[in-house]
Amino acid sequence: MASLLFTAFAFVISFLIFLVTRKSTCKKLNLPPGPPGQPLVGNLFQVARCGKPFFQYVRELIPEYGPILTLKMGTRTMIIISSAELAREALIEKGQIFASRPRENPTRTIFSCNKFSVNAALYGPLWRSLRRNMVQNMLSAARLREFRRAREVAMEKLIERLTAEAAANGGLVWVLKNARFAVFCILLAMCFGIEMDEETIEKVDQMMKTVLIVLDPRLDDYLPLLSPFFSKQRKRVQEVRKRQIETLVPLIEKRRDAIQNPGSDRTAASFSYLDTLFDLKIEGRKSSPTNSELVTLCSEFLNGGTDTTATAIEWAVARMIENPAIQTRLYDEIKSTVGVKRVDEKDVEKMPYLNAVVKELLRKHPPTYFSLTHAVTEQAKLGGYDIPTDTNVEFFLPGISDDPKVWSEPEKFDPDRFFAGREEADITGVTGVKMMPFGIGRRICPGLGMATVHVNLMLARMVQEFEWAGYPDSGKVDLSEKLEFTVVMKNSLRAKIKARA
Ligand code: HEM
């Protein structure tokens, strides 16, 4: 009896100590400033009801609260960083501490197979194994060269599709949709290494788009209290995941078959991302990835590079239409570098003006305005403020690449700032941070090299083959933005093309 009483007493005392210390650590936290919120929900409804995209809401807060600010989103605390110095302090100087990812919401837990992907994994052995495999076995310069043929095929398909669409519509083509299809074909070929007809490609593409839609955050992700009101949406999530598995597993099995029985599928490529995953050894785990985990890893590969790259192309064409001199200079550079032959990926390395256009493009229009969400591995300081664990740490990229303290006339789209050598910027952030469209530090986008080849090559081929003009051709382009996973043009760009003589 005495021991029971003692245990109960000890329990009550420890609980009281827990409460007191918890309260005092909470009190001591010096979080960055932010707009006052409402009890319980914080700023959640202000954000949800403001009637603007989240990036616009944040952009308007920066002049008032500065380059590091806090938003309370229901039960989640979000800290948003928008200056080069603070991004450097977090991701380079304190890179190891800021290299993790936050807790997932229930939908993302399902699609990431409980954080089994490069982008979602916590900073640790699983992330190291998955990332090392992707970078060394798939995205190294040597590997990239092996997939040259896939890029050539996709570029020819793109030119054919644009030609056919223009012929059927009085010269008019949709830019984003076609660019997206071309890059998706490349990534599909790299990922699965099996031939697919256009119908299958369209089916996979449609499914991936549906996945992106259900991944959009919901109110109950921030206020789990509301989850009883979202049971329909939760059911939909399960259905979409099922459809994703049903669409991709047959492709995975087809590839498995092709490599287990060499010669059985004559159209199979000699190598694919899947080949690196089937028997992948993961630190601290005995088994290789399950089919469901393979679906997650393949989807990450396809999703990471499709919309981002296509978005860059849409903005590139918009900027060329807005400023025809850019297009003329690009075309002249292509002609003087390759003459009449088709421009290929080796040629684009020798085109400084094209490279300057693409860099300016990624400065002015980073395809994602926020890098993926980071989290700290332990409580940390940033810019003198406390950053607790279990906080979403966001980097607002235009805050850096549009900063007048870092750039001259940042609002101007001016490739000459790089071409004429007036300004420089290391896109990897190693020698300094002035723009970070691919993030910087340990979590920097592993697809940076490949994405740069894709954007340069696609733009060069599109300009070599066609003259691009606006529609209606008023010389004005509406550069308003909207968020659709990436930040695309609000009015999807339709351009008028004419085959060059
Ligand atoms: C123009 C094209 C692209 C842009 C602008 C872009 C941008 C980004 C950004 C901003 C991040 C977040 C970095 C961070 O967490 O701090 C990221 C991460 C990532 N990207 Fe890309 N990306 C592009 C293309 C690609 C491609 C082609 C692939 C691969 C097929 C890819 C795969 C990934 C992966 C796996 C991550 C997660 C890295 C990690 O958590 O360690 N991306 N990307």
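These questions and answers walk through a predicted model.

Student: How are residues numbered, and what pLDDT do local features need?
Tutor: Residues are numbered from 1 along each chain as its sequence is written. In this predicted model, side-chain atom pairs count only at pLDDT 80 or more, totals for chains, interfaces and linings use all residues, and local features need pLDDT of at least 70.

Student: How many helices and strands does the protein have?
Tutor: Helices (H or I, at least four residues) and strands (E, at least two) are DSSP runs, numbered from the N terminus. By that rule, the protein has 20 helices and 10 strands.

Student: What is the radius of gyration of the protein?
Tutor: The radius is taken over C-alpha atoms, and the globule rule is 2.2 Å times the number of residues to the power 0.38. For 501 residues, a compact globule would come near 23 Å. The value for the protein agrees with that: 25 Å.

Student: What share of the residues is buried?
Tutor: A residue is buried if 20 or more other C-beta atoms, placed from the backbone, lie within 10 Å of its own; it is exposed if 12 or fewer do, and partly exposed in between. Of the 501 residues, the buried share is 39%.

Student: Which element gives the most residues to the shell around the ligand?
Tutor: A residue is near a molecule if its C-beta atom, placed from the backbone, lies within 6 Å of it. The ligand is surrounded by 23 residues, with Gly-304, Gly-305, Gly-439, Cys-445 and Gly-447 the closest. Two elements give two or more residues: α14 (291-322) and α20 (448-465). The most, seven residues, come from α14.

Student: Is Cys-445 buried or exposed?
Tutor: Cys-445 sits in the loop between α19 (416-419) and α20. An unreviewed UniProt entry annotates Cys-445 as "binding site"; such annotations may be inferred rather than shown by experiment. Because 23 other C-beta atoms lie within 10 Å, Cys-445 is buried.

Student: Which residues does Cys-445 contact, leaving aside neighbours within four places in sequence?
Tutor: Two residues are in contact if their C-beta atoms, placed from the backbone, lie within 7 Å. With close sequence neighbours left aside, the partners of Cys-445 are Phe-438 and Gly-439.

Student: Is Lys-72 buried or exposed?
Tutor: Lys-72 belongs to strand β1 (residues 68-73). Not counting residues up to four places away in sequence, Lys-72 touches Gly-37, Gly-42, Asn-43 and Thr-77. It has 21 other C-beta atoms within 10 Å, so Lys-72 is buried.

Student: What do the buried residues of α4 pack against?
Tutor: Helix α4 spans residues 84-93, and its buried residues include Ala-84, Ala-87 and Leu-91. An α-helix has 3.6 residues a turn, so residues three or four places apart point the same way. The buried residues of α4 pack against β1, β2 (76-81), β4 (380-382), β6 (392-395) and α18 (397-401).

Student: Where is Pro-472 found?
Tutor: The peptide bond from Tyr-471 to Pro-472 is cis, with omega near -10 degrees. Pro-472 is in the loop between β7 (466-470) and β8 (481-484).

Student: Is Asp-390 buried or exposed?
Tutor: Asp-390 lies in the loop between β5 (385-387) and β6. Its phi is near 60 degrees, a positive value in a residue other than glycine. With 12 other C-beta atoms within 10 Å, Asp-390 is exposed.
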